[in-house]
Amino acid sequence: MAATAQEDGVRSPAPGPRGCEHYDRACLLKAPCCDKLYTCRLCHDTHEDHQLDRFKVKEVQCINCEKLQHAQQTCEDCSTLFGEYYCSICHLFDKDKKQYHCESCGICRIGPKEDFFHCLKCNLCLAMTLRGKHKCIENVSRQNCPICLEDIHTSRVVAHVLPCGHLLHRTCYEEMLKEGYRCPLCMHSALDMTRYWRQLDIEVAQTPMPSEYQNVTVDILCNDCNGRSTVQFHILGMKCKLCDSYNTAQAGGRTVSMDEQ
């Protein structure tokens, strides 16, 4: 446990020399909900049956002199610096990671600030490289990550924007790519697959189907362009006639032989 807590004479295990696994800081937060002392809200939420509201924190305790005092960046008794970065709104103490407080997000983000912009429609801070180059979805950041099902907006893990506009935690996105390439919500390709599609073209051309399947066509739906088309059936994949993607699925209905058309 990365904090101390005291209630009715019972103390939780002592913290390490400074901070916890989540933050580097030299103070403990006094939780206004239960009056216990914890290194951070995450440590509190892990060990309690309720959540700590970071915005309601009023007092902190110095880990050096144990002075309980109003929330501030430096101890009023021993001058210990509680955190190189301090936000008086979020009561976030940490080492300097170029953090900044985004008023539109309502919380602190890891910067530097000039590398990010706040998309009003997505309601999230995104990298400047995505400005004008991403698909917006209304309030997409207020949804949970479809992989781990945990909150994206307040997460300490950076969000990754897929071409379809949906969000995943960066770490969840990297794990997803080990087993697949499609958005878990809409099945759209999660990255540029052009090179792989060209490779698949070659493999399909070099792998003729058995004679009983050579004249069979199927109706397909493309997950990338949402188009429908009728193509020749192939076990390796069926290519969309509209966008050349192999991210397709049989649209239903019967399989038809060209001899029947």
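This is a predicted model: local features need pLDDT of at least 70, side-chain atom pairs count only at pLDDT 80 or more; totals for chains, interfaces and linings use all residues.
Student: Which strands each supply at least two residues of the lining of the largest pocket?

Tutor: Strand S8 (92-94), strand S10 (107-110), strand S12 (124-127) and strand S13 (159-161) do. Strands here are DSSP runs of E, at least two residues long, and helices are runs of H or I of at least four, both numbered from the N terminus. Residues are numbered from 1 along each chain as its sequence is written, and side-chain values use heavy atoms, with hydrogens and water left out.

Student: OK, and what counts as a pocket?

Tutor: On a 1 Å grid over the protein atoms alone, it's an open set of points with protein on both sides within 12 Å along at least five of seven lines; a 1.4 Å probe is used, and lining residues have an atom within 4 Å of a point.

Student: How much space lies in the largest one?

Tutor: About 670 Å³, taken as the space filled by probe spheres set on the points, with grid points joined across faces, edges and corners.

Student: Switching to His22: is it buried or exposed?

Tutor: His22 is buried, at a relative accessible area of 16%. The cut-offs are under 20% for buried, over 50% for exposed and partly exposed in between, with a 1.4 Å probe and protein chains only.

Student: Where is His22, and what is it in contact with?

Tutor: You'll find His22 in the loop between strand S2 (10-11) and strand S3 (27-30). Leaving aside neighbours within four places in sequence, its contacts (heavy atoms within 4.5 Å) are Cys40, Leu42, Cys43, Lys97 and Arg156.

Student: Now electrostatics. How many salt bridges are there?

Tutor: Eight, where a side-chain nitrogen of Lys or Arg must be within 4 Å of a carboxyl oxygen of Asp or Glu. One of them pairs Lys67 with Glu76, closest N and O atoms 3.8 Å apart. Lys67 is partly exposed at 29%, and Glu76 is partly exposed at 41%.

Student: What about Asp201, which residues does it meet in salt bridges?

Tutor: Arg198 at 3.0 Å, N to O, and Lys239 at 3.2 Å. The Lys239 pair links distant parts of the chain, 38 residues apart: Asp201 sits in helix H3, Lys239 in the loop between strand S16 (228-232) and strand S17 (248-250). Salt bridges with shared partners join Arg198, Asp201 and Lys239 into one network.

Student: Why are Asp201 and Arg198 about one helical turn apart?

Tutor: Because they are three residues apart in helix H3 (residues 194-205).

Student: And the chain overall, how many helices and strands?

Tutor: Three helices and 18 strands. Buried residues make up 43% of the 261 in the chain.
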